[in-house]
Amino acid sequence: MVEIAIMGYGVVGSGVAEVLCNHTENIAKRAKEEIRIKYILDLREFPEDPLADRFTKSFDDILNDPDVKIVVEVMGGLHPAYDFVRSCLLAGKSVVTSNKELVAQKGADLLALAQKQNLNFLFEASVGGGIPIIRPMSQCLAANDVIEIDGILNGTTNFILTKMIRDQMDFDDALALAQKLGYAERNPAADVEGLDACRKICILASLAFGKHVYPDQVHTEGITKVTLADVEYAEVWGGVIKLIGRVKILENDQIHIMVCPMFVPRSSQLATVDDVFNGIQVRGDSIGDVVFYGKGAGKLPTASAVVADVIDCVRHFKARKYLFWDQAVPNYVCDYRKDTVAFYVRAKSEDSAFALGQAEGLFGPVRQLVRKGAGKDEFAFVTEPLVEEDFLDKLEQLKDEGAEVLSTLRIGEF
């Protein structure tokens, strides 16, 4: 029998307990050992819970019990999660987590400590919830050099954009609906400002390319400025708007990494990923494009990924799984303004036809977009691919000529 502890009894923590209790025999067959929850750490009281006798409010109960071999951290946040996880590893306990903030900020440190201690630090559930992505990238795609990863990594923002696209709901109404349905928090900033997706693409980038990437190194834009007008222009252009987390390796071994809303062509597999679903496209040099699709969050999907890691830990007590990346290095992340990308621009001017001609003089050949119901002073266009800093300079010149720029979005090519 292997005894484990769960730290945190929120949505995911209670889901982990539920999966372990409801599938005890099958899990034991797969792990070759019975897995028993000995402690559940939470400051709240759960007197009616079937596992009420397992609860503790003292982390030391877990830390100082030599029979606890694996600790599941599903508390979220950095503090006290980081200190608790580090202490568990130092005490000889493997750790499984779903905490994307912890892995994105402290992954290199904790992986190095786990390696030193000959233990496992596993985090399949930190990206994509129940979608298998960490394990396939580290094992199934190990023969490939990953070239690029593009993903819809946040279900809340994808739900909001889907409602804007399908039902012509404006952003505020779609967000309110997401909150009503429990898809968005009361304070939705981490989702709608792109922070959640940023943490996830950092984890994927670190795993794919072998060096730690911190969230503050990643240029991140959310969806709060996307309007129904932009959604309509995307339809005219031939696609949809999605919040994309993207990383690609450059020839000089730097990486380009970014989170932002983009025009995605209908031909892309990511264009059909709707509602609260996530989709992650990994491009390898040998296999080409592989897409991972499913619910990126939720109690049981996330819990199933956590429990799968627990089983992996049990089966690798004496043979540590190889999951590792190095510490961050200077000048590894390329300035996002050096990337070459096409842009969509929506603007208005007293003489929109003249302003559009000015735009073509500045940006080179552009494709004009026209939507029903647009005011006579509104115009929109898509540029050819340009170095972003050059595009920004030319955009300022367009403003100097009297145009009011209302929106700009990057064009995805995947």
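What follows is a list of stops, each with something to select.

**Before you start.** This is a predicted model, in which local features need pLDDT of at least 70 and side-chain atom pairs count only at pLDDT 80 or more, while totals for chains, interfaces and linings use all residues. Residues are numbered from 1 along each chain as its sequence is written, and side-chain values use heavy atoms, with hydrogens and water left out.

**Terms.** The search runs on a 1 Å grid over the protein atoms alone. A cavity is a set of points where a 1.4 Å probe fits but cannot get out. A pocket is an open set with protein on both sides within 12 Å along at least five of seven lines. Lining residues have an atom within 4 Å of a point. A volume is the space filled by probe spheres set on the points, which are joined across faces, edges and corners.

**Stop 1: the largest pocket.** It holds about 1,200 Å³ of space. Select Val12, Lys100, Glu185, Ala297 and Gly298: of the 40 lining residues, these are the closest to the centre of the largest pocket. Now colour the helices (DSSP runs of H or I, at least four residues, numbered from the N terminus). α1 (11-22), α5 (100-117), α7 (155-167), α9 (189-192), α10 (195-209) and α12 (299-315) each supply at least two residues of this lining. By class, the lining has 12 nonpolar, 18 polar and 10 charged residues. Here Asp, Glu, Lys and Arg count as charged; Ala, Val, Leu, Ile, Met, Phe, Trp, Tyr, Cys and Pro as nonpolar; the others, Gly among them, as polar.

**Stop 2: the second largest pocket.** Its volume is about 420 Å³. Select Glu221, Lys225, Ser407, Thr408 and Leu409, the closest to its centre of 20 lining residues. Then show β18 (404-411), a strand (a DSSP run of E, at least two residues). β18 gives the most to this lining, with 6 residues.

**Stop 3: the largest cavity.** How many cavities of 30 Å³ or more are there? The count is 2. The largest has a volume of about 80 Å³. Select its lining: Ile244, Arg246, His256, Met258, Cys260, Met262, Tyr336, Asp339, Val341, Glu388 and Arg410. β9 (239-249) and β10 (255-265) give two or more residues each. β10 gives the most, with 4.

**Stop 4: the second largest cavity.** About 30 Å³ of space lies here. Select Leu20, Thr24, Ile27, Ala28, Glu34 and Ile35, which line it. Helix α2 (residues 24-31) brings the largest share, 3 residues.
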